[in-house]
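Reader: Hi! I'm new to this one, could you walk me through it?

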Amino acid sequence: MVDPRLLKPLVGSTFVGKILIGILPVVLVSLGAVTGAHYIVARDQISKDIRHEIQMLADQVAIHVRSFVEQRLRDLDTVVENPLLADYYKNVNYGLLLEAAEYRKQLYGYLQTFSNRTQVYSLLLYLDAQGRMVAGVREGQVITDPDAWIPPIGDIRRSGVYRSPVLDTPQGDKQMVLAKAVFDEGGEYQGAIVLMCDLRHLESQVLNRTRLG
């Protein structure tokens with residue numbers, strides 16, 4: 001079940017607008033390819049066509065964004081519900097550290113397989129109740145540095161869920177962080193799953209699937 005607290009803000013006009021900006025130049029060029037001789041006559045019609053096309057694009061982009069985000073939230077639920085998380089913590093709580101280490105190894109393998117299969121996430125983390133990394137994968141590779149960077153996810157223990165705004169990286173890419181708290185059967189907080197989504201995949205998907213002209 002997709003958490004509505006995460007979904008609604010992500011499909012708002014600001015989020016859609018950021019994706020739409022990347023498409024508009026293609027639309028404007030295709031609609032504005034009119035010679036100078038015809039420009040004055042066609043100007044009003046061009047403006048009307050452009051406004052109409054932009055509205056159609058915004059509607060189509062919103063549909064693609066919602067579908068993309070819903071799938072990411074289903075992914076988040078899938079990882080949170082993996083029984084390896086509970087198995088790891090049960091062994092830690094019972095002091096069975098060798099067994100816990102084996103489950104931790106399996107968690108690394110699971111996250112790496114999940115990352116390579118989806119090809120969407122630049123970062124996947126499982127954090128313990130103190131916010132320390134238990135297992136993590138970056139760009140499909142296992143993270144071995146225990147002090148590796150962890151994106152802020154607010155007071156996830158209290159909120160239960162977290163989503164970031166669209167983040168612009170120094171490389172010019174767009175990223176989005178989703179996180180969900182993990183609780184045991186008794187309601188005790190056991191950490192969080194964090195997914196950092198590379199939105200280049202969404203932009204490419206929208207460009208490929210959106211009808212232009």
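Author: Happy to; what follows is a short chat about the structure shown above.

Reader: What kind of model is it?

Author: This is a predicted model, where local features need pLDDT of at least 70, side-chain atom pairs count only at pLDDT 80 or more, and totals for chains, interfaces and linings use all residues. Residues are numbered from 1 along each chain as its sequence is written, and side-chain values use heavy atoms, with hydrogens and water left out.

Reader: Thanks! How many helices and strands are there in the protein chain?

Author: The protein chain has eight helices and seven strands. Helices (H or I, at least four residues) and strands (E, at least two) are DSSP runs, numbered from the N terminus.

Reader: And what share of the residues counts as buried?

Author: That would be 43% of the 213 residues of the protein chain. Buried means under 20% relative accessible area, exposed means over 50%, and partly exposed is in between (1.4 Å probe, protein chains only).

Reader: What about contacts in the protein chain between residues 24 or more positions apart?

Author: They account for 63% of the contacts in the protein chain with a separation of 6 or more. Contact here means heavy atoms within 4.5 Å.

Reader: Let's talk about the core. Which residues have the most contacts inside the largest nonpolar core?

Author: Those are Leu 107, Tyr 126, Ile 153 and Ile 193, in a core of 50 residues. A nonpolar core is a set of buried Ala, Val, Leu, Ile, Met, Phe, Trp, Tyr and Cys residues joined through side-chain atoms within 4.5 Å.

Reader: Which helices and strands supply at least two residues each?

Author: Helix H4 (36-80), H5, H6, strand E1 (121-127), strand E2 (133-138), strand E6 (174-183), strand E7 (189-198) and helix H8 (200-209) each do. H4 gives the most to this core, with eight residues.

Reader: Nice. At what angle do H5 and H6 pack?

Author: Helix H5 (residues 83-93) and helix H6 (residues 97-118) pack at about 155 degrees, and their axes are 8 Å apart. That makes H5 roughly antiparallel to H6. Axes are lines fitted to C-alpha atoms, for helices over the stretch in contact, and angles run from 0 to 180 degrees between N-to-C directions. Angles under 35 degrees count as roughly parallel, over 145 as roughly antiparallel, 65 to 115 as roughly perpendicular and the rest as oblique.

Reader: Which residues meet there, in H5 and in H6?

Author: From H5 there are Leu 84, Leu 85, Asp 87, Tyr 88, Asn 91 and Val 92, and they meet Glu 99, Ala 100, Tyr 103, Arg 104, Gln 106, Leu 107 and Tyr 110 in H6. The residues of this contact of H5 with H6 divide into eight nonpolar, two polar and three charged. In that count, Ala, Val, Leu, Ile, Met, Phe, Trp, Tyr, Cys and Pro are nonpolar, Asp, Glu, Lys and Arg are charged, and the others, Gly among them, are polar.

Reader: What does Lys 180 touch?

Author: Lys 180 lies in strand E6. Beyond residues up to four places away in sequence, Lys 180 touches several residues, including Leu 76, Asp 77, Val 80 and Gly 191. Lys 180 and Gly 191 are 8.7 Å apart, C-alpha to C-alpha, and 11 residues apart in sequence.

Reader: Last one: which residue other than glycine has a positive phi near 50 degrees?

Author: That is Glu 139, in the loop between E2 and strand E3 (141-142). Glu 139 counts as exposed, at 55% relative accessibility. Gln 119 is not a glycine either and has a positive phi of about 55 degrees; its place is in the loop between H6 and E1.
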